[in-house]
Amino acid sequence: MEGFLSALLLQSGYNAALVGIGAALLGIAAGGTGTFIFLRKRSLVSDAAAHATLPGICLAFMAMVAFGGDGRNLTGLMIGSAASAAVALVLVDWISRETRLPEDAAIGAVLSVFFGFGIVLMTVIQTMTSGRQAGLESFLLGSTAGMLFNEAVTIAIAGAVAGLLLLLLHRRMTLVAFDPEFAATTGVDVRSTDLATMGLVLVVTVIGLKVVGLVLIVAMLIIPAVAARFWTERVDRLVAIAAVIGGVSGYTGAAASAAYPNVPTGAIIVLISFGLFAVSLAFAPVRGVVASLYRHVRFQRQVHLRQGLLAVARGEPIFDGLTLKVLRFFGHIRADGVATLSGRAAAAKALRDEARWEVARETHQEDMSVARFDGLTAIEKVFTPDEIAELDRRIGDRIGVVA
Amino acid sequence: MGADFVQFSLTPMLIGTLAALACALPGNFLLLRRQALIGDAISHVVLPGIVVAFLITGTVAAWPMMLGASLAAIVAVLLIETIKRLGRIDAGAAMGVVFTAMFAGGVLLLEQSDTSSVHLDVEHALYGNLESLIWLEAEGWGSLFDWAALSQMPPQVVRLAVVLGVVAGFIFVFWNALKISTFDEGFALSLGIRARLLGFGLVVVTAIAAVAAFDAVGSIIVIAMFICPPAAARLMTDDLGRQVAWSAAFALASAVFGYVFAGYGPLWFGAAGSVSAAGMIATVSGLILATACLFGPKRKRIGAAREA
Amino acid sequence: MRNALQGSIGIVARNGETALAADLSNLPLLIDGLTVSYGEKPAIFSIDASFAAGRMIAIVGPNGAGKSTLIKAALGIVPRLSGTVRVFGQPIEQVRGRMAYVPQRASVDWDFPARVVDVVMMGLYRTLGFLRFAGTKERSTALACLDRVGMADFAERQIGQLSGGQQQRVFLARALAQDADLYLLDEPLAGVDAATERTIMDVLKSLKTEGRTVICVHHDLSTVERYFDDVLLINVRKIAEGPVASTFTDRNLQKTYGGRLAGAHIEQLRLPVE
């Protein structure tokens with residue numbers, strides 16, 4: 001535990017501290033970027049990009065070896081991975097537009113074929129230069145142990161750059177994500193904004209290769225955004241919350257990986273972010289399950305209460321069990337089903353409100369507030385007392401209209 | 001093409017072909033229902049399922065692992081549905097959350113447990129080891145009729161044959177209902193078709209195929225088999241029956257040519273050794289799809305693209 | 001809750017027969033206190049409605065009034081929050097063979113690999129059962145239904161190549177193949193050409209002549225009088241139901257559509273104004 005705490009406080013050594021900061025920056029950039037592809041409902045495109053980095057990594061390795069250099073130079077590998085991922089994204093786009101195949105098929109096809117080809121190349125490297133490819137397999141799941149100092153710096157800088165780009169572009173990306181057609185009419189170039197978003201996805205993916213590996217970088221793009229969704233309905237807050245969740249997961253995950261043995265960095269970061277997601281799903285007040293359940297039950301009771309009171313007022317028999325329970329609960333009927341005094345009063349009010357709404361619909365024809373009549377909003381919340389008095393007067397004027 | 005072939009190439013090719021077919025058949029319906037990526041999700045969760053089974057049973061025997069993988073797949077599907085409903089999250093994002101988290105869980109469990117005595121590494125899970133499924137006890141084509149030799153065949157052959165039978169049977173029995181509910185779910189429900197249950201059944205069948213094929217070609221490449229042959233077939237015809245037939249043909253071609261290129265290709269290029277058969281099968285299926293995208297008779301979209 | 005008295009009086013008035021003939025339990029469709037909600041806004045709230053046999057009934061209301069939801073709830077396709085639905089006096093699941101549904105065109109994937117005749121044969125699903133595939137008998141039934149809607153020549157055409165009106169005719173042919181007693185159509189005339197509209201209405205009228213019941217969600221107020229016997233006006237709640245002559249009035253329309261129908265517009269429809 002002390003190991004974990006000291007790692008959290010950046011006291012576990014230079015390397016661990018750098019990895020921690022790098023992972024945090026990666027998490028922030030990934031969480032923020034991921035929000036935009038989530039809003040466009042294209043989350044899994046990042047899975048295609050991530051898996052498609054493999055052939056690029058292998059080809060870059062082979063090229064660097066062929067030119068006599070060290071095949072494992074991180075920058076070279078990152079460039080290679082970005083190139084093949086970019087090709088993959090172009091192909092996904094082409095297939096979705098030029099053929100009748102839907103986008104999810106394009107994503108899956110590109111993902112698996114590129115990855116398969118990458119595996120072929122990996123085995124080629126295996127036969128060519130036996131043992132030397134051991135470094136490449138680490139890109140599948142990431143490996144921060146034994147990370148070189150300059151590698152950590154590269155990652156941290158790239159993460160910061162991605163974060164900066166996100167800050168600069170986020171307003172345009174928000175507009176396009178929210179309503180691309182409207183954005184186009186206001187002069188925002190939708191296509192280039194989408195390209196910029198995809199470019200950011202690429203940058204984040206490539207950075208994440210070393211830290212969490214290509215299989216799991218997708219998680220850092222998707223999970224924080226989905227978790228954030230439960231907390232807010234506003235896009236700017238969504239991006240911020242997702243970035244925070246991503247950053248926290250990255251930081252604490254890296255610390256845990258440094259402190260405990262046999263804890264792979266990528267896996268623990270993803271699991272922490274999933275934990276945050278689960279908490280959000282359950283308890284977030286705006287869209288969380290507990291809150292929704294509560295609202296649903298309350299709504300159902302309101303519906304049954306209203307219907308029950310109207311039935312009581314009209315003298316109709318009630319058979320529905322839930323309706324009877326609700327009426328009993330509020331003391332509107334006795335245990336034997338006979339209406340109490342308060343019950344009859346409430347029923348009469350419900351009936352009168354029905355009549356008032358009917359009149360209101362005719363007299364307030366252009367009024368949007370009447371459109372809000374969903375059978376459950378109290379009339380006192382929509383009309384002032386003197387307006388209600390006017391409705392009552394009209395009811396009184398009408399002959400034999402009370403429902 | 002004598003004893004050598006039967007010993008070293010026949011069973012891997014057969015297993016590869018059976019796996020490809022078992023995946024391509026349900027893939028046709030997944031494609032039409034815009035559920036192509038459920039194969040992606042299921043393939044990723046196979047790993048944690050196997051790890052849990054290993055931790056519980058302490059062995060790497062086939063049946064517990066397959067059971068673990070199947071249960072993991074079903075858990076994943078249920079979680080995905082739950083997240084979609086409860087959060088009103090789109091399918092892709094829900095899948096992304098569930099399968100990455102489960103995969104991460106599998107990786108962590110694997111690292112934490114003592115697997116030094118057992119060969120269970122993540123890379124193998126990702127891309128399999130088809131080349132190793134050889135039939136050393138065979139002595140030639142005659143061994144196909146020799147009961148003793150047959151019982152020494154890699155068990156994946158029979159396993160995949162059975163799974164293929166189950167998959168094909170499901171599609172055959174429910175052909176009409178699958179067709180209608182994929183085309184027009186509301187109408188299907190009005191006919192009394194249990195469309196939701198059928199959809200779940202399709203996913204279960206998909207999971208079974210993925211789990212069985214996983215052993216041969218690894219989890220990630222299973223996705224290629226779910227998507228590429230049916231997608232290529234879709235671009236060849238406008239008749240559902242013919243599409244399924246085309247997808248089977250493409251799956252067969254991918255498996256056979258993929259294996260051959262993997263084994264003999266490097267030799268043709270003057271290099272020694274072979275490359276990953278599973279990877280090559282995926283690559284070949286991709287090339288077939290690419291050809292269909294460029295030249296398939298029905299490749300053009302007719303109307304506007306439908307929103308996801 | 002159902003106002004039983006009101007319901008039976010309505011039916012007696014329609015059929016012009018004495019009270020005993022109005023056996024509520026055998027109505028093609030009887031809806032009682034039906035509420036359906038997506039999330040927390042009710043799409044339809046506490047709707048009571050009864051539909052008599054051998055009639056053409058229009059369901060009319062503004063956008064978002066819940067007309068499609070009502071039909072889907074009647075078919076048991078969406079879950080109910082409260083209320084009951086009885087088809088020919090029985091729960092929906094037991095009489096599916098007597099109901100036919102024509103959904104909105106937009107709800108379907110027209111890029112699906114199927115020909116026109118394949119889609120019509122889907123209507124024969126219930127007659128096939130398990131393990132039987134559509135054969136020559138089903139094909140000839142399908143072709144006969146296509147002929148009734150004037151699409152016999154298009155049988156082998158790919159459905160994605162059809163125009164909107166042609167697609168609608170194919171849907172109708174599919175429903176004809178079901179040989180049902182109660183037909184529920186969701187905006188069958190939306191976005192179709194004039195010829196298709198005539199053809200569809202002719203077919204629906206012939207169904208009525210055969211004693212079947214036709215219920216349509218209808219979008220075009222100016223043709224309600226011409227095409228339908230009865231009308232149900234809803235806007236989340238039921239506003240009015242009954243024969244067109246007495247129910248499709250200026251007053252009821254204003255109640256249904258709120259401020260969206262100006263008085264002048266209503267006059268254009270030449271309705272009896274109260």
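Reader: How are axes and the angles between them defined for helices, and at roughly what angle do the axes of H6(A) and H11(B) cross?

Author: Axes are lines fitted to C-alpha atoms, for helices over the stretch in contact, and angles run from 0 to 180 degrees between N-to-C directions. In this predicted model, the axes of H6(A) and of helix H11 (residues 219–234) of chain B come within 8 Å. Their crossing angle is roughly 135°.

Reader: Is H6(A) parallel or oblique to H11(B)?

Author: The two axes cross at roughly 135°. Angles over 145 degrees count as roughly antiparallel and 65 to 115 as roughly perpendicular, so this crossing falls among the rest. H6(A) is therefore oblique to H11(B).

Reader: How many residues of the contact of H6(A) with H11(B) are charged?

Author: On the H6(A) side the contact includes A:Ala105, A:Leu111 and A:Phe115, and on the H11(B) side B:Ile220, B:Ala224 and B:Cys228 are among the residues. The contact residues divide into 11 nonpolar and 3 polar. The number that are charged is none.

Reader: How many nonpolar residues does the contact of H4(A) with H6(A) have?

Author: H4(A) brings residues including A:Leu54, A:Cys58 and A:Phe61 to meet H6(A), where A:Phe114, A:Gly118 and A:Met128 are among the partners. The contact residues include 1 polar and no charged. The nonpolar residues number 15.

Note on methods:
Residues are numbered from 1 along each chain as its sequence is written. Chains are lettered from A and ligands numbered from 1 in the order in which they are written. This is a predicted model: local features need pLDDT of at least 70, side-chain atom pairs count only at pLDDT 80 or more; totals for chains, interfaces and linings use all residues. Side-chain values use heavy atoms; hydrogens and water are left out. Contact means heavy atoms within 4.5 Å. Helices (H or I, at least four residues) and strands (E, at least two) are DSSP runs, numbered from the N terminus. Ala, Val, Leu, Ile, Met, Phe, Trp, Tyr, Cys and Pro count as nonpolar, Asp, Glu, Lys and Arg as charged, and the others, Gly among them, as polar. Angles under 35 degrees count as roughly parallel, over 145 as roughly antiparallel, 65 to 115 as roughly perpendicular and the rest as oblique.
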